[in-house]
Structure formats: C-alpha cells, structure tokens
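Please keep the structure open while you read.

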Amino acid sequence: FNIPILRTSDIYTQVTDIVNRVEQDTERNCRSPKSCTIQYTSIRGVDERISRSIRIPFPKSSTMRRKNLLEHISSTLKSKAFPIVRLGLSAHDFELRAKHGIDSFFTKSNETVKGTFIIE
C-alpha cells in the first residue's frame with residue numbers, strides 16, 4: 001500500500017491554521033501562547049509506526065510569527081531520519097496580556113479581570 005509522506009505545503013497549511021487561531025484567541029481573550037507542541041508519526045520498516053512529540057517556543061513577534069514557526073518546525077522535522085506521515089500542532093501555556101497598556105496598571109479600578117489582580 002502507498003503511504004502519503006508529509007510535504008512542505010502540508011506543514012505550511014497547519015502553521016497558517018494554528019497562527020490564525022492563536023491570533024483570534026489573542027484578540028478575544030488577551031492572551032498568547034508561550035509554547036507549541038509538534039506531534040508527529042514516522043514510519044520505520046513495513047509495520048512500525050512511531051509517534052513522538054516535541055515542545056518548541058511559540059514565536060512572540062506577531063509580524064514574523066508564521067515565517068518563524070514554519071522555519072522552526074521544518075528544521076525540527078528535517079532532522080528526523082524517517083519519513084513523517086502525520087503532523088499535529090497545538091499551542092500551550094497561555095499567558096494573559098495587558099488590555100490597555102502600561103497606563104492601565106497605574107489607574108484605580110474596581111473592575112477585576114479573570115487571572116489578574118487589581119492594585120488599589
């Protein structure tokens with residue numbers, strides 16, 4: 001039987017999808033991921049499939065995020081000696097981001113935001 005091997009275009013499609021989802025989540029929930037997990041399955045021999053996962057840092061810069069993530073994932077997967085047939089990406093370790101910049105830290109407010117403390 002014929003097993004499809006992962007192509008660069010497949011990696012690009014998944015990177016684009018995860019980056020778009022993270023950007024939507026960042027806008028909606030004011031948080032951003034600190035790391036990304038790459039889950040992959042490779043084939044060794046006829047019947048041996050091996051699944052592994054690797055955690056890498058998620059790029060901070062939103063302008064170069066897609067390019068940097070694509071390069072990091074591609075170089076990580078190229079170092080594997082066996083053909084990769086399945087790939088999964090996920091974002092982890094979300095951290096909250098300030099909603100209004102540094103000035104909001106110094107103003108008094110009775111509003112509480114989930115996951116933060118208001119200093120009065």
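1. Surface. The protein chain exposes about 8600 Å². Carbon and sulfur atoms supply 52% of that area. Keep in mind that this is a predicted model. Of the 120 residues in the chain, 31% count as buried.

2. Elements. The secondary structure comes to three helices and three strands. Read from the N terminus, the elements run α-β-β-α-β-α. Look also at contacts between residues at least 6 apart in sequence: 66% of them join residues at least 24 apart.

3. The sheet. In what order do the three strands lie in the sheet? The order is β2-β1-β3, the sheet is open, and the pairing is antiparallel. Strands β2 (48–57) and β3 (84–96) stand at the edges. Each has a single partner strand, so one side of each is left without a neighbour in the sheet. On average, neighbouring strands are turned by 20 degrees against each other, direction ignored.

4. Strand β1 covers residues 31–44. It is joined to β3 by 11 bridges, and the two run antiparallel. For a place to start on screen, find serine 35: it stands opposite histidine 92 in β3.

5. A helix on the sheet. Helix α1 spans residues 8–29. It lies across β1 and β3. Its direction is at about 15 degrees to that of β3.

6. The core. The largest nonpolar core has 18 residues. Val15, Ile38, Leu69, Ile73 and Leu77 have the most contacts inside it. Which elements give two or more residues to this core? They are α1, β1, α2 and β3. The largest share, five residues, comes from α1. As background, nonpolar side chains tend to be buried together in soluble globular proteins.

7. Isoleucine 73. Set aside residues up to four places away in sequence, and isoleucine 73 touches Ile11, Val15, Ile38, Ile56 and Leu89. Ile73 is also one of the core residues with the most contacts.

8. Serine 74. This residue is found in helix α2, which covers residues 65–78. Is serine 74 buried or exposed? Its relative accessible area is 14%. The cut-off for buried is under 20%, so serine 74 is buried. Where does its side chain reach? The side chain of serine 74 reaches the backbone oxygen of leucine 70, at 2.9 Å.

Key
Residues numbered from 1 in each chain as written. Predicted model: local features only at pLDDT ≥ 70, side-chain atom pairs only at ≥ 80, totals over all residues. Heavy atoms only, no water. Helix = DSSP H or I, 4+ residues; strand = E, 2+ residues; numbered from the N terminus. Buried < 20%, exposed > 50% of the residue type's maximum accessible area, 1.4 Å probe, protein only. Polar contact = N/O pair within 3.5 Å; in protein donor to acceptor, adjacent residues only side chain to side chain. Pairing = 2+ DSSP bridges. Axes fitted to C-alpha atoms, helices over the stretch in contact; angles between N-to-C directions. Contact = heavy atoms within 4.5 Å. Areas by Shrake-Rupley, 256 points an atom, 1.4 Å probe, with all protein chains shown as cover. Core = buried A, V, L, I, M, F, W, Y, C linked by side-chain atoms within 4.5 Å.
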